[in-house]
Amino acid sequence: MAARVLGRAGRLAAVVRSSALQLRLHGSAGLRFGSQASFFPPLGDAMLPSGSFNNHVALITGGGTGLGRAMTATLSQLGAQCIIASRKLDILQRTAEEISSQTGNKVHAVQCDVRDPQAVSQCVDQMEALTGLPDVIINNAAGNFVCPSERLSPNAWKTITDIVLNGTAFVTLELGKRLIQNQKGASFLAITTIYAESGSGFVVPSASAKAGVEALYKSLAAEWGRYGHRFNIIQPGPIRTKGAFSRLDPTGAFEKATIDRIPTGRLGTPAEIANLAAYVSSNYASWMSGAVIRFDGGEYVSLAGEFNELRSVTPDQWKILEVMIRNTKGS
Ligand SMILES: CC/C=C\C/C=C\CC/C=C/C=C/C(=O)SCCNC(=O)CCNC(=O)[C@H](O)C(C)(C)COP(=O)(O)OP(=O)(O)OC[C@H]1O[C@@H](n2cnc3c(N)ncnc32)[C@H](O)[C@@H]1OP(=O)(O)O
Ligand SMILES: NC(=O)C1=CN([C@@H]2O[C@H](COP(=O)(O)OP(=O)(O)OC[C@H]3O[C@@H](n4cnc5c(N)ncnc54)[C@H](OP(=O)(O)O)[C@@H]3O)[C@@H](O)[C@H]2O)C=CC1
């Protein structure tokens, strides 16, 4: 009897080993990853009541493209007057016109390289003249690319950390000082990433800078509550945008493996993060400050857990594994 069980167990161990190998090679074995996505359909509509941002002004850096554009569209739909700021004025203007014509609320395009403190100061001057100081600030602009760290030049390091950390700091400090002077409260939101917490190879300048942004926002949440300012952070997991995917997965080779490890079986959508950003920036979240919100379909915990690859073990295989484990006597 014992020999028969051990024989089956040995065969099973080989199957399990080979399944794990298949999983590593092709990203999927045993239970199919991805089919569960039907349990988690993305909803696209604005979640907050219409008019939630009436009489609010919102500044969104990097608001001309990708996730920043989606956040701008949602805030505008909910009544905000938006200012979008980045380097490429033509793209900003096109986005501003498209969103304004859909929502009926004005979106202003302001050119600004956030790496340059003088340009940031001029951008805020322009904003004050157009709309007055903002109620909502979303620091979303970023730069990134995958690159082995030994190939990074000093200027490559400086470029990414200047956009992400210094750019966020320049925008936040410039607006913070003026808001304090005017005794006006505001919601500040920074968009970071899940690897700001874990670190990640091959995106080391971005990981370092995003970690710095998180320290900046948590620190200011503690210091500037007394001025009526809230500071929060959203860490998105993978959401398809041209800006991110063309620089992080230029051949598309990693997308399937990425989806396979996400417990909800799919990428996020720009509309989903826009709804979260709108909630965090709204008065419904007026008690939320210093929060770090991971928004990744479960990817972070999936990457972290040593045994998570056991998802590929089938129920029949579990029966045998359990017998093997129960039959172990002593250590
Ligand atoms: C399947 C899943 C795929 C993806 C999603 C997965 C996971 C989710 C986590 C994702 C996190 C995402 C975080 C993001 O931040 S995505 C945002 C991406 N968007 C952008 O980057 C938009 C803006 N980017 C740019 O404008 C440029 O890419 C750049 C380089 C950042 C800045 O442009 P700029 O014109 O200012 O700079 P350059 O003069 O071109 O370069 C400066 C410096 O860097 C060197 N460099 C540039 N590119 C590379 C490269 N690919 N590899 C190595 N080095 C590079 C360049 O050579 C310059 O250095 P020197 O030569 O002067 O020494
Ligand atoms: N998409 C994803 O999967 C994830 C994205 N994120 C984060 O989400 C945010 C948005 O990224 P995403 O929409 O995907 O990518 P995009 O490339 O579309 O957005 C980046 C924006 O930053 C602006 N920008 C870059 N450099 C500067 C600069 N020096 N000054 C001002 N603006 C600048 C760009 O505009 P312009 O070129 O006109 O300057 C662009 O609009 C980023 O913070 C990113 O790190 C985090 C995790 C995952």
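In which helix is Glu272 found? Glu272 lies in helix H10, which spans residues 270-281; helices (H or I, at least four residues) and strands (E, at least two) are DSSP runs numbered from the N terminus. The model is predicted, so local features need pLDDT of at least 70 and side-chain atom pairs count only at pLDDT 80 or more, whereas totals for chains, interfaces and linings use all residues. Residues are numbered from 1 along each chain as its sequence is written, chains are lettered from A and ligands numbered from 1 in the order in which they are written, and side-chain values use heavy atoms, with hydrogens and water left out.

Glu272 counts as buried because its relative accessibility is 16%, where buried means under 20% relative accessible area, exposed over 50% and partly exposed in between (1.4 Å probe, protein chains only). A polar atom of the Glu272 side chain lies 3.0 Å from the backbone nitrogen of Thr269. When residues up to four places away in sequence are not counted, Glu272 touches Pro42, Leu43, Arg266 and Phe295, a contact being heavy atoms within 4.5 Å.

The protein has 331 residues, of which 47% count as buried, and contains 12 helices and 7 strands. Of the contacts between residues at least 6 apart in sequence, 76% join residues at least 24 apart.

Ligand 1 is surrounded by 23 residues, the closest being Arg87, Asn144, Ser153, Asn155 and Arg247; a residue belongs here if one of its heavy atoms lies within 4 Å of the ligand. By class, this shell holds 11 nonpolar, 7 polar and 5 charged residues. Nonpolar covers Ala, Val, Leu, Ile, Met, Phe, Trp, Tyr, Cys and Pro, charged covers Asp, Glu, Lys and Arg, and the others, Gly among them, are polar. Helices H5 (154-181), H8 (242-248) and H9 (255-260) each supply at least two residues of the shell, and H8 gives the largest share, 5 residues.

Oxygen atoms of ligand 1 lie 3.1 Å from a polar side-chain atom of Arg115, 3.0 Å from a polar backbone atom of Asn144 and 2.9 Å from an N or O atom in the side chain of Asn155. On its own, ligand 1 has 1300 Å² of accessible area, and the protein covers 65% of this.

Methods
A polar contact is a pair of N or O atoms within 3.5 Å; within protein, one must be able to donate a hydrogen and the other to accept it, and residues adjacent in sequence count only if both atoms are side-chain atoms. Accessible areas come from the Shrake-Rupley method with a 1.4 Å probe; for residues, only the protein chains shown count as cover.
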